[in-house]
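The sequence and structure come next.

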Amino acid sequence: MIPTRVSHNPIIGPGVVPFGVDPAYDAQYKLNQAPRSHVASHGQGKPFTVEPGPHQRTQYPYVTGTTVLGCKYKDGVMIACDTLCCYGSTKRYKSVERIKKVNSSTIISFTGELSDFHYIVSLLEELDTTDYCEDDGSELAPWEIHSYLCRVMYNRRNKFDPLWNSLVVAGVKHGRTFLGTVGMIGQHYEDSHLAAGFGNHMARPLFREKHTDDMSEEDARKLMEDCLRACLMRDKTMMNKFQIAKVTAGGLEISEPFQVPMNWGYEKFKDPTKHAVGAW
Amino acid sequence: MALLASGNVSAAYIPDRDERGGFNFDNVARNEMMSQNGLKFKAAMKTGTTITGVCFKGGVVLGADTRSTNGETVADKNCEKIHYIAPNIYCCGAGTAADTEAVTGMIASALELHRLATKRKSRVVTALTMLKSHLFKYQGHVGAALVLGGVDINGPHLFSVHPHGSSDSLPFATMGSGSLAAMAVFEADFKEDMTEEEAKEIVARSIRAGIFNDLGSGSNVDLCVITADKVDYLRNYECPNERTYVRSKGYDFPPGTTVLNRRNFMTATAATLPVNQIVDIIDGAPEDVASGDAMQTD
């Protein structure tokens, strides 16, 4: 049986199951009750978590990723993030690849709930598969992916069941460099430098001061590392293991994990209470 | 010392209220009764600020923005947030403006008396301890977040103090709503043993980061450079927010622009003032006031 493609129905928008597609699923709503049987929602078209009881909205994220930074430079665009996903205040998954390749010209990264990001990635894989089946050599452009994700996020927000993510989409296609972000309530914008999460407070001031669109790759990388270090020093849910992905006209590349150097040898840290008992 | 009601002085010694020490919770029951009766305690107003400090080789540099906010309005476009504590100690204040001014003024006075009593220059840790114990005593209700810096016999010191009374001894410190933006600049570019010029530059950059990236901070950059032999209070060191458009013709309204509907004023003379309010007017007799240019009446 050919699986029904339900994740982006043109009538009611992407990311929701339209009425009439799956009778067994619809039957559970017949009595105005929430569905009683649990259906796995690994992006196979049923986005709502189905549990016995009144229908609940997404309340809070569980496994979360933190900051993502992105900036354009002379040859293209780069995104950086760490490889940590926290479960509350535990640093649980330390080797998560939080940057994903969408197609040969686009990369995407996230903050927020990891499972919602996996769902989004499966939606994008469906898009990519469609493109592949068309077999005409054309792929979706980064701004088209961005536009699609805006609709997904906004639709889910309107259903009061948001995908708990802020996404950063970047890519280069047809000579145009693109860097855009979509938030969990559907807010979206494009800019020369972006951050999602804590990086908005720590990294964007540094970008605003030092970033220019025609930076060389080394300068952009150095600025990115400075911003990552600033975020790392002040964000408790971050770890010193980063990946940088860059997209240029020639292709895209996601780097191996690396560390940024940290300096703890300040004189004032050596004996902070020497003259001030009670301070630290 | 309070005597027992029976007048039996030889019974147990009851110390005065002030001598008992510890915390005084007498008002807790009263406050609860008042909130139950509908009184809502007003939350302390935050000013929105970026204040920073950095240690360099031989001194400290303190910096602050100059915007004071009252809710979403800018109350004072060019206020002074770097307060004098002692000739060699200055303190930047964030949080509730009244609290920072009162607390720094109080500690400055206390330190002056202390200097007179000990005949020595004040030490930064003295100011720190006085500030901390005061803020702790008020359990965070005194909303003063401070960056305290100075140079004393033991060298340059920089401390940050939080409203609940904790302090940190740091090479660089930021407080206020713009602290994250300013801290980003320090985390990226701070070096040990900077020169005075480098230190001034990085502090000015951090305040500018707060001004341009935080809504609660704005207007100008104030700096204060403290070294062993001098203090430079650089008021309005940078003005990156100059008013760009000023009407070239000026704002001079000809007499009669505002229509005068009714005049009702009294000249202050001995005949019109109540007896107990007659004062000697030194600058100009009442007649001069009436005929002067104070009000155009035609």
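Chain B and chain A together bury about 2,300 Å², with 56% of that area on carbon and sulfur atoms; buried area is the accessible area (1.4 Å probe) that two parts lose on being put together, summed over both. Of the area that chain B buries against chain A, 24% is supplied by B:Ser169, B:Leu180 and B:Glu187, more than by any other three residues.

The model is a predicted one: local features need pLDDT of at least 70, side-chain atom pairs count only at pLDDT 80 or more, and totals for chains, interfaces and linings use all residues. Residues are numbered from 1 along each chain as its sequence is written, chains are lettered from A and ligands numbered from 1 in the order in which they are written, and side-chain values use heavy atoms, with hydrogens and water left out.

**The interface**

Counting contact as heavy atoms within 4.5 Å, 30 residues of chain B touch 25 residues of chain A. Seven residue pairs between chain B and chain A are in polar contact, both residues being at pLDDT 80 or more. A polar contact is a pair of N or O atoms within 3.5 Å; within protein, one must be able to donate a hydrogen and the other to accept it, and residues adjacent in sequence count only if both atoms are side-chain atoms.

Which elements give two or more residues to the side of chain B that touches chain A? They are helix H3 (124-137), strand E8 (155-161), strand E9 (167-169), helix H4 (179-189) and helix H5 (196-213) of chain B. Helices (H or I, at least four residues) and strands (E, at least two) are DSSP runs, numbered from the N terminus. H4(B) gives the largest share of that side, eight residues. By residue type, the side of chain B that touches chain A holds 18 nonpolar, six polar and six charged residues. Here Ala, Val, Leu, Ile, Met, Phe, Trp, Tyr, Cys and Pro count as nonpolar, Asp, Glu, Lys and Arg as charged, and the others, Gly among them, as polar.

**Salt bridges**

A salt bridge is a side-chain nitrogen of Lys or Arg within 4 Å of a carboxyl oxygen of Asp or Glu. The rule gives 23 salt bridges over all chains, and three across the interface of chain B and chain A. Between the chains, A:Glu209 pairs with B:Arg205, the closest N and O atoms being 2.5 Å apart. Within chain A, A:Arg229 pairs with A:Asp226 at 3.2 Å; both lie in helix H5 (residues 217-234) of chain A, three residues apart, about one turn of the helix.

**The sheets**

Strands count as paired if DSSP finds at least two bridges between them.

Four bridges join strand E4 (residues 68-72) of chain A to E13(A), and A:Cys71 has A:His193 as its bridge partner in E13(A).

Five bridges join strand E11 (residues 221-227) of chain B to E12(B), where B:Val221 stands opposite B:Glu238.
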